[in-house]
Amino acid sequence: MDYLRQNLKKWFGFDDFRPGQSEVLAALNQGKNTFGMLPTGTGKTLIYQLFGLMIKKPVVIISPLISLMQDQVDRMRYLGSKNTVAITSNLNFIEKKRILKNLSKYSYIYISPEMISQSDILESFKKLDIGLFVIDEAHCIVQWGTDFRPEYLNLHRIINYLNNPKVLMLTATASKKVRYEIVDKLGLHNVKNIVKSTNRSNIMLSVEYCDDSNDKNNKLLSLVNKLRSPGIIYFSSKKMANMVTIFLRKEAHLRVEAYHSDLNNENRYRIQHQFMDNQIDVICATSAFGMGIDKNNIRYVIHYHMPSNIESYVQEMGRAGRDMDESISIILYQKNDEILQYNLLMDNIPDDDMISFYYQNYNKLDNNDEQTKLLKYYYDNGYSKDDVTNIFQARRLEQKDSLAEMLSYVLNNHCRRKKLLTHFDEAFDDHNEYCCDGNHTKLNLQASNLIRSNNDKIIYKDNYDWHSIINSLFNKLH
Amino acid sequence: MNKKLLLLMLSNKQPRRLKLIKNLLDGKKTVSTLFWGSRYHMLDYSGIMKHFDSIKNEDKIINELIKYGYVFPYDKYQYKLTNKGKTKKDSLIESFYLPKELSYGFDYDIEEFKSRFLLLIQVASEYSYNNSSYYPVQADFYDTNLIKAFFHKHKNDNFVDKIYNIINSFLATLDKERASIFANLMIGHDNYGLTYEQLSKQYNYSQLEIYFINIDLWILLIRFIKNNSSFLKILLKNIVKNKINESAKRTFNELNSGLKISSIAKKYNLKESTIKEHLLENAIFLSATEFPYNKLLSTANISYLNKTYLQQPIDLWKFSKLNDSNIDFFKFRLYQIMRSK
C-alpha cells in the first residue's frame with residue numbers, strides 16, 4: 001500500500017488516493033483481471049496511468065467515442081504522459097501505418113473496438129507486450145453491444161487472440177446484473193470486483209413536474225436565474241438545445257452557449273475551454289458533451305428531457321460537484337416526455353421490415369447509414385434473418401424496460417436517492433433536506449450555498465483591442 | 001443558404017440556374033459547373049460554402065425571394081432578378097460582406113493553413129509563459145508534427161519575438177475592425193478566442209459574413225507570409241493550389257507537346273471523354289492566348305460555328321442546332337468558351 005502511495009506522490013503529487021483507486025491498483029498488482037466500479041468523478045484515468053508508469057509496459061485502452069478519445073489523449077498529455085496516442089478513423093493511411101510501426105514506443109494507446117477489430121491493426125497489437133488492457137466505460141458493452149456498436153461483442157475474441165493480457169474494466173454505472181453481463185460477454189473468469197457506492201452524496205436530487213412546454217421553459221428560466229453557475233442543461237435534440245440557448249440568452253442575461261455534434265473542432269475547443277475558464281455560465285448540450293471534460297465546479301445539471309436509462313442519468317448528473325461541494329441535479333418532466341425518448345430509442349434499432357429488406361437486398365445496398373452498417377455486421381458474421389429479428393426484438397424490450405425504470409424514478413415521490421441506489425443494489429436510509437425533494441421535502445438550497453448571490457457578478461469580456469490581445473497572448477503586457 | 005447571398009448571386013440581365021449556383025458554391029468541379037460559373041462571372045466563388053454549411057433549402061429560399069418580388073422564374077430551372085431585386089442587390093453590395101480576396105487562378109486550403117497557424121500561435125503563446133502543460137488545439141497528425149518540429153528547431157532563437165513581430169506587422173496592414181476580429185480568432189495562454197457566433201454578436205455581422213471575413217483574413221495572411229516572411233514559409237506547404245488540377249494540367253502539357261486526344265487517353269489509360277473534360281477545364285481557366293484552340297477546332301469548324309450562332313447571345317446557344325454537322329459537344333463547348341473570352 002505504501003508503495004502505491006509513494007508512487008502516487010512521486011508522479012502526481014497527491015498524498016492520498018480517492019476511494020477505490022488503491023484497491024483496484026492492488027488487485028492489478030496481484031495480477032488479477034479487475035472490475036472497477038467507481039462513482040463518477042473519482043479519477044479512473046489515474047488508475048491506469050499510474051499502473052502503466054509502474055509496470056513500464058504499454059497500456060491499451062478501449063474507448064467508446066472518438067471525440068472522447070481525443071479529449072482523453074489531450075488530458076493524458078496535459079497530465080504529463082506525452083507518449084499517448086489515439087488510433088481513430090481520423091488518421092489517414094500513412095499516419096496509421098507510421099503509428100502501428102512504432103506502436104511499442106507509446107505508453108498509452110487509445111483505440112475503439114471497431115478499429116482494433118481490423119486485422120492489420122490487431123496483428124500489430126499481437127506483437128505488443130501489453131501490460132494492461134483497459135475497457136473504459138465498460139457498461140457500453142451491454143448498453144451498446146447489440147445495437148449500434150456490435151464490435152463490442154468482438155472484444156472477447158480479441159482478448160483471447162492477444163494472449164489474454166490482464167484486463168481492467170472501468171465504469172461508474174453498472175447494476176449487479178450489468179456487471180455480470182459485462183464479465184460474461186468478455187469471457188473472463190476469476191475477476192476481482194472493486195465496487196464502490198454509486199452515491200454522490202454532495203449532489204442533491206430533484207424532479208420538477210411541468211404542465212406544458214411553456215411551464216417547463218419558465219421553470220428552467222427561474223432555476224438558472226436562481227442557481228449559482230456554472231451549469232449544464234442536457235437535451236435529447238440539438239434543435240431544442242439551440243432554441244433554449246437563444247431563449248436563455250435573451251431572458252436570463254447569462255453567458256449561454258450550445259454544445260453538440262454540429263460544432264466543428266475549432267468551436268468545440270473554444271467553448272469547452274471558455275467553459276473550463278468560467279467564461280460561460282450555462283452550456284446547453286446533447287449527451288455529446290462532457291464524457292471527456294473535467295470541470296470541477298459545475299454546480300448544477302438540469303435535464304430538459306429525461307434520460308433514456310438510469311445509467312445515462314447517473315453519468316450525466318455526475319458531471320456536477322466534482323470538487324465535492326454541494327451541487328444539484330434536476331430533471332424537468334412534462335407528461336409524455338418519455339414518448340420522445342421511446343421514439344428516439346426505437347429509431348436506432350432496425351425494425352422487422354428493414355431487416356427483411358436488408359436480407360433480400362444486401363448486395364445492392366451501400367452501407368452508409370447506421371442501420372445498414374449494423375445489419376451488415378450481423379450479416380457478415382453469419383447471423384440469419386430470424387436471429388437478427390430476435391436479437392433486435394429482445395433489444396427493443398430491454399430498452400423499453402430501461403426507459404420504464406427511468407420513468408419510475410422520475411414519477412417516484414419517495415426518497416429519490418433511495419430509489420436510484422436500489423437500481424445499483426445499494427441500500428440508503430439517510431434522507432434529509434440535503435438529499436432530494438422526494439417525500440415532500442423542501443431542499444435547503446440556501447444553506448448549501450447554491451443560490452446565486454450579488455457577489456456572483458458576471459464579467460463579460462470587454463477587451464477587443466488587437467494590440468492588447470496580442471500582447472497578452474505573447475506575455476508582453478508588462 | 002442565406003437569402004442575401006443568393007440574391008447577390010442572381011442577375012437582372014442573365015437568367016441563372018439555381019442548382020448550378022448551389023453546386024458552384026459547394027465546390028463541385030464538374031466542367032458544366034465551371035463553365036456556367038465562368039458565364040456567370042462567379043468562378044472566384046467556387047467552393048466558398050464548402051466549410052460553412054452546405055446549401056440545403058435553396059428551393060424554399062428562392063420561393064421567399066419570389067414572394068418578396070425580388071426574383072421571378074425565367075423557366076423551370078433559371079431565375080432572374082426583378083427591378084426591385086436589382087435595387088435590393090445594389091444596396092446589398094454596399095452592406096453585405098462578400099469575400100474580396102479570392103483568386104481566379106488559385107485555391108487556398110484555408111482550413112489546413114488555419115489549423116497550422118492556430119497551433120503555432122498557441123505553442124508560441126504558452127512558451128512565452130513557460131507553460132508546457134496545456135490542451136493543444138486540434139490539428140491532424142501531419143500538421144501537429146510539422147509545427148512540433150518547427151518549434152523545436154527554432155525555440156531557442158527568439159522564437160516568441162519573431163512570431164510576435166510577424167503577427168503585429170500583419171495586423172498593422174489591416175483596418176482596425178478586421179485586425180480585432182483576427183486577434184479574437186487566436187488561441188493561446190488563458191485565451192480561447194471567440195466562436196463565429198460570438199464574433200457575429202460582437203461585431204454585428206451575420207455568421208455567414210463572419211465566415212467570409214475569415215476567408216479574406218486567412219488569404220491575406222497567406223499572401224503576407226509569402227511576400228514578407230521567409231521564417232514562416234514552411235506553413236504554406238501544399239496550401240496554395242492551382243485551380244486547374246494536376247491531371248488536367250498534365251493533359252494540357254501533352255496536347256501542347258503534340259499528342260492527340262486519343263493518344264493521351266491511351267498513354268494514361270483514361271477515357272477520351274475524361275481527356276476532353278481536362279481540356280475544357282484548362283480552356284475555362286486560361287486566357288484566350290494561353291489555350292491552343294486551333295489545335296482542336298479547325299478553320300472549317302470555326303466558320304461553321306460562327307455562321308450557326310451568328311449574333312445569338314452565348315448563353316442561349318443550343319447544341320441541337322448542330323445535329324446535321326460532324327461537330328461534337330466537346331467542340332461546341334470549347335467554341336463557346338473561346339467566344340466567352
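**View 1. Strand β6 of chain A and its neighbours.** In strand β6 of chain A, A:Met169 is the bridge partner of A:Phe35. This belongs to a predicted model, in which local features need pLDDT of at least 70 and side-chain atom pairs count only at pLDDT 80 or more, while totals for chains, interfaces and linings use all residues. Residues are numbered from 1 along each chain as its sequence is written, and chains are lettered from A and ligands numbered from 1 in the order in which they are written. Strand β1 (residues 34-37) of chain A runs parallel to β6(A) and is joined to it by four bridges, where strands are DSSP runs (E, at least two residues) numbered from the N terminus, as are helices (H or I, at least four). Strand β5 (residues 132-135) of chain A also pairs with β6(A) in the parallel sense, over three bridges, and there A:Val134 stands opposite A:Leu168; two strands pair if DSSP finds at least two bridges between them.

**View 2. The two faces of β6(A).** Five of the five residues of β6(A) (residues 167-171) are buried, a residue being buried if 20 or more other C-beta atoms, placed from the backbone, lie within 10 Å of its own. A:Val167, A:Met169 and A:Thr171 lie on one side, A:Leu168 and A:Leu170 on the other, and both faces are covered.

**View 3. Helix α19 of chain A.** Which residues of helix α19 (residues 416-423) of chain A are buried? They are A:Arg416, A:Arg417, A:Lys419, A:Leu420 and A:His423. These residues lie on the same side of α19(A) because they cover an arc of only 160 degrees around the axis, the arc being that of the directions from the helix axis to the C-beta atoms. Among the elements that cover them are β8 (203-210), α14 (310-317) and α18 (385-411) of chain A. After α19(A) comes A:Asp425, whose phi is positive, near 60 degrees.

**View 4. Domain 1 against domain 2 in chain A.** In chain A, 15 residues of domain 1 are in contact with 14 residues of domain 2, contact meaning that the C-beta atoms of two residues, placed from the backbone, lie within 7 Å. On the domain 1 side, helix α4 (residues 66-78) of chain A gives the largest share, five residues.

**View 5. Chain A against chain B.** The contact takes 23 residues from chain A and 31 residues from chain B. On the chain A side, α4, α13 (265-276) and α20 (466-473) each supply at least two residues, and α13(A) gives the most, with seven residues.

Terms used: A residue is buried if 20 or more other C-beta atoms lie within 10 Å of its own, exposed if 12 or fewer, and partly exposed in between; C-beta atoms are placed from the backbone.
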